[in-house]
Every structure is written in C-alpha cells, then in structure tokens.
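Me: Could you walk me through reading the strands and helices of a model? I would like the general idea and then the case in hand.

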Amino acid sequence: MEEMVEQIELLLEKQDDTQLQEYLNNLNISDVEELIGELPEHGPKFIETLSLNRAVNVFRILEFPVQERIIKKLSGQKLEDLINELPPDDRTALFSELHGDAVQKLIQKLSRENRDEALKLLGYEEESVGRLMTPDYIAVKRTWDVSRVLSHIRRYGKNSETIDVIYVIDEHGVLLDDIRIREILLVKPETKVSELMDGRLIALSAADPQEEAINVFRMNNRTALPVVDSGNVLLGIVTVDDILWIANEEYTEDIQKIGGTEALDEPYLDINLFKLVKKRVGWLIILFLGEMLTATAMGYFGDEISKVVVLAYFIPLIISSGGNSGSQASTLIIQAMALGEVTVTDWWRVMRREILSGLMLGVCLGLIGFLRIAAWSMFSNIYGPHWMLVGFTVGASLIGIVLWGSLSGSMLPLLLKKLGADPATSSAPFVATLVDVTGLIIYFTIAVLFMRGILL
C-alpha cells in the first residue's frame, strides 16, 4: 500500500491525468478503495479520473460518509453519469442516507426511467426488503425452450444484477419458480423450461424486515432470492452482497447497543465529538440512576452492616459475580436470537437451561468464596470467630445471585423481543446494573436469615 500511495502522490504532483487514469484503472477495486481511505482529500479526483464502470464499482463499496464527501465535489456530468449507472439497490441505499434536499437534487439528475424506479424503491419502509431489491433480473416463461432462454439472456443479461438464477413467471408476472443457470446450460436446447421446474421456490416479501431476509439467506445458501408482493408478483431480486452489507451493519449496531450506547451512524473516527457524546450519555445517565438504587439498598441494610462490618468486605465480590453472570447470559441469548437459534417461543427451554447452569456456576463460585474465607481464617482473625457463618452466608449468596443473574440476563432479551423492542438494548451494562441492585438485596436477606440471633 505504501508503494501505491507514493506512486499516486507522484502522479498527482505531475498533474498527469492520463497516467493517473491508466494507473487507477489497472488496480483492483479494493485497492482504489484503500487509496481513497489513505488520501481522502483526493477521493473525488480518483472517482472523476476512473472510467465510469470502474468509478461505479469503487463508489458502491465505499462507506456512506466517504460517498457523501465525494458526491459534493464531483463535477456535474460525472455525478450525473455515476448516479445513473449505480445499481438500483445501491442507489436506493445512498438516497436513504442523504438529507431530503440532497436527494431531491440527485433525483433530478436521473433519467426518467431511473427516476421512476428510484421513487418506487424509496416508497418502501426504510428497514424493509423492498429497499434492498433491484428490478434488474432475468425472467422467462415456462413455455419457452432453453434455446430461447439463452437468446434472452444474451440480449438482456448484461443489464441484470446476476444471471446465476433465472426466474419463471406467468403472463401476469406471478412468480412460478427459479432455476439455476447451470441447469439450463447442461440440458438440450429444445428442453422446455417447465421440464426444469421443481417447485422448490423460496421468495421474500417486499414488506419483510431486512433482518428476516438475512436469516433466509443464511439458511438456504442462495446467491440471490426473488422479492414478491402480496399477490406473488415478481418485483425484483435481492443479492447476497447486499445481504452481507446489511448483516454487517446489523452486527455492528447490536455490538454497540450491547456495549451500552446508541448505534453510531458513522465510523467512530468520522463522527462528530458532540454527536458521539450524545449517543453515549443517554445510557450512562440511565445506568447511573439505576446504580443509585444500590446506595438505597445499602442504606436500607445499614443497621446490619454496622453490626457485622465484615459483610461490607464482600459487596464488590457479590455485585461483580451477579453482573458478570447476567452479562454472559444476555450476550449468549442475544447472539443466539440473531442467528435464529432461539426464538421467543423457546423461553421455557432457555429458562430451564439457565436455572441448571446458573445453579452449577453459583455452586462453583460459592465454594471458591467459602474456601477463600476458610483459608484466610486459618492465618488471621480478619473474619472473627464466626468465620464459618460468614463463609456460608457468602457461599449461599453467590449461588442465589449467580442464578438470578443468569435468569435475568437470559429472559430480558426474550421479554424485549416479545414487547417488540430490540433485544440488544438489554445490554450487558443494563443487566449488570439490574443485578447489582437485586444482588445486594439477596445478599443481605440471606445474611439476616443466617446470622439472626448470632451476629444480628
């Protein structure tokens, strides 16, 4: 990369656009993308210099903030050509991110056909499959023979997003089946399309959420899937490259939410500092107010703490153990739900597993806690003459708190999903805060039960 950057800088110094174009056109698309990342101020120049086809292919893989910077500086003609040549799904994704006035200006640069297409795609819900689909596909009739299909592909295939899959429709545009191109290539020219149909059709609805489309692609190993309306009329197709892009965005958004922040709309280093603070401060305030309940709980048990000061020694241990077990369970369930391994209807199976695993984990930590107190008591009197009672209190509390943490962390994502909220918002910090407060209540309640009449 360093060598490429040096070469490009040399050509830029010479202001030799012919050599610059030749050099850029001979690079891989991914290399040009990296060059734009290394020399962002020259990004518009690179797009302007590249041949139109390669400019489109580079532009469509750039992050949105980079795309936005580039289109602001492109010449009018290059911008018009670029926007018109972008695949419909990529154009829709770009328009979805831009402000309304910018979209209006760009739509005016589209040809009439592209403008109608763009407005139609933008009419679908923002997070729907309709926003992802492209109307560029190959469709044939069941009565055609393979010879006619191949002729049709030669004529219209160049404008199609993919020719890996051919779609069979009736005279009303209703989707009947899809056929992989290899099945067409391996049979005799006189074979009818109807003879190749097997009826094993998988289709997406234009109104489906994009997250559902990700799961369908994952389960069915397809490079493209058809998109239909409520009457099963073929509207377009969604290809796997778009799904991978959306899956990456969904994954990034979920990770950010799990970490206790709102999803960032831009790369971390590009986002405005005040906007970054705004994204983070909301959750921090909520968690801070939640943690105040910890002080309230400790105040309620103030008399017990004053009588048995040794109980205070183990508060950090109790809080962290419950929070850690809750965070573990929450993360595991959110990931399982994202992969389609767990649904809301599985709540009882999840609860049973977490009760058993929570008990086993709690026993492990409780035993370690008891042995630690016993070992220290052999060499010092730090826990007093009733160290065994303290050990049993800490051990039993850990069992209860780890069990509660596991249950809370696993059930909360399922509950949020049932209520129509995003499970990722039951983030690790939120679960930890919840378990911190309830953990203290469990700890001091067990202490009162164990120590009443002896130390309390």
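Reply: Gladly. Let's begin with pairing: two strands pair if DSSP finds at least two bridges between them. Keep in mind that this is a predicted model.

Me: Which residue of β5 stands opposite Leu-204?

Reply: Val-227 in β5 is the residue facing Leu-204. The strands concerned are β4 (residues 204–205) and β5, which run parallel and are joined by two bridges.

Me: In what ways can strands pair in general?

Reply: Strands of a sheet pair through backbone hydrogen bonds, in a parallel or an antiparallel manner. Here, β5 also pairs with β6 (residues 234–239), this time antiparallel, through five bridges. Within β6, Val-238 is the bridge partner of Leu-225, and Gly-236 is that of Val-227.

Me: What is the order of strands in this sheet?

Reply: The order is β4-β5-β6, in an open sheet of three strands with mixed pairing. β4 and β6 are the edge strands, each pairing on one side only.

Me: And how many residues lie between the strands in the hairpin of β5 and β6?

Reply: Five residues lie between them, and Asn-232 in this hairpin has a positive phi near 65°.

Me: How should I read the side chains along a strand?

Reply: In a regular strand, side chains alternate between the two faces of the sheet. Take β5 (residues 224–228): Ala-224, Pro-226 and Val-228 point one way, while Leu-225 and Val-227 point the other way.

Me: Are those residues of β5 buried or exposed?

Reply: On both sides they are buried. Five of the five residues of β5 are buried, leaving the strand mostly covered.

Me: Where are the edges of the sheet that contains β1?

Reply: That sheet is open, with three strands in the order β1-β2-β3 and mixed pairing. Its edge strands are β1 (139–141) and β3 (175–180), each pairing on one side only. On average, neighbouring strands of this sheet are turned by 35° against each other, direction ignored. β1 pairs with β2 (residues 165–169) in the parallel sense over three bridges. Ala-139 is opposite Tyr-167 in β2.

Me: Let's move to helices. At what angle do the axes of α1 and α2 cross?

Reply: The axes of α1 (residues 2–14) and α2 (residues 17–25) cross at roughly 155° and come within 9 Å. Angles over 145 degrees count as roughly antiparallel, so α1 is roughly antiparallel to α2. The crossing of the two helices is left-handed.

Me: Which residues make the contact of α1 with α2?

Reply: From α1 come Met-4, Gln-7, Ile-8, Leu-11 and Leu-12, and from α2 come Gln-19, Leu-20, Tyr-23 and Leu-24. Sorted by type, the contact residues are seven nonpolar, two polar and no charged.

Me: What does Val-435 touch, leaving out residues up to four places away in sequence?

Reply: Val-435 touches Gly-322, Gly-323, Ile-401, Trp-404, Gly-405 and Ser-408. As for Pro-44, it is 391 residues from Val-435 in sequence and 51 Å away in space, C-alpha to C-alpha.

Definitions and conventions
Residues numbered from 1 in each chain as written. Predicted model: local features only at pLDDT ≥ 70, side-chain atom pairs only at ≥ 80, totals over all residues. Heavy atoms only, no water. Helix = DSSP H or I, 4+ residues; strand = E, 2+ residues; numbered from the N terminus. Axes fitted to C-alpha atoms, helices over the stretch in contact; angles between N-to-C directions. Buried < 20%, exposed > 50% of the residue type's maximum accessible area, 1.4 Å probe, protein only. Contact = heavy atoms within 4.5 Å. Parallel < 35°, antiparallel > 145°, perpendicular 65-115°, else oblique. Left-handed = near helix turned anticlockwise from the far one by under 90°. Nonpolar A, V, L, I, M, F, W, Y, C, P; charged D, E, K, R; others polar.
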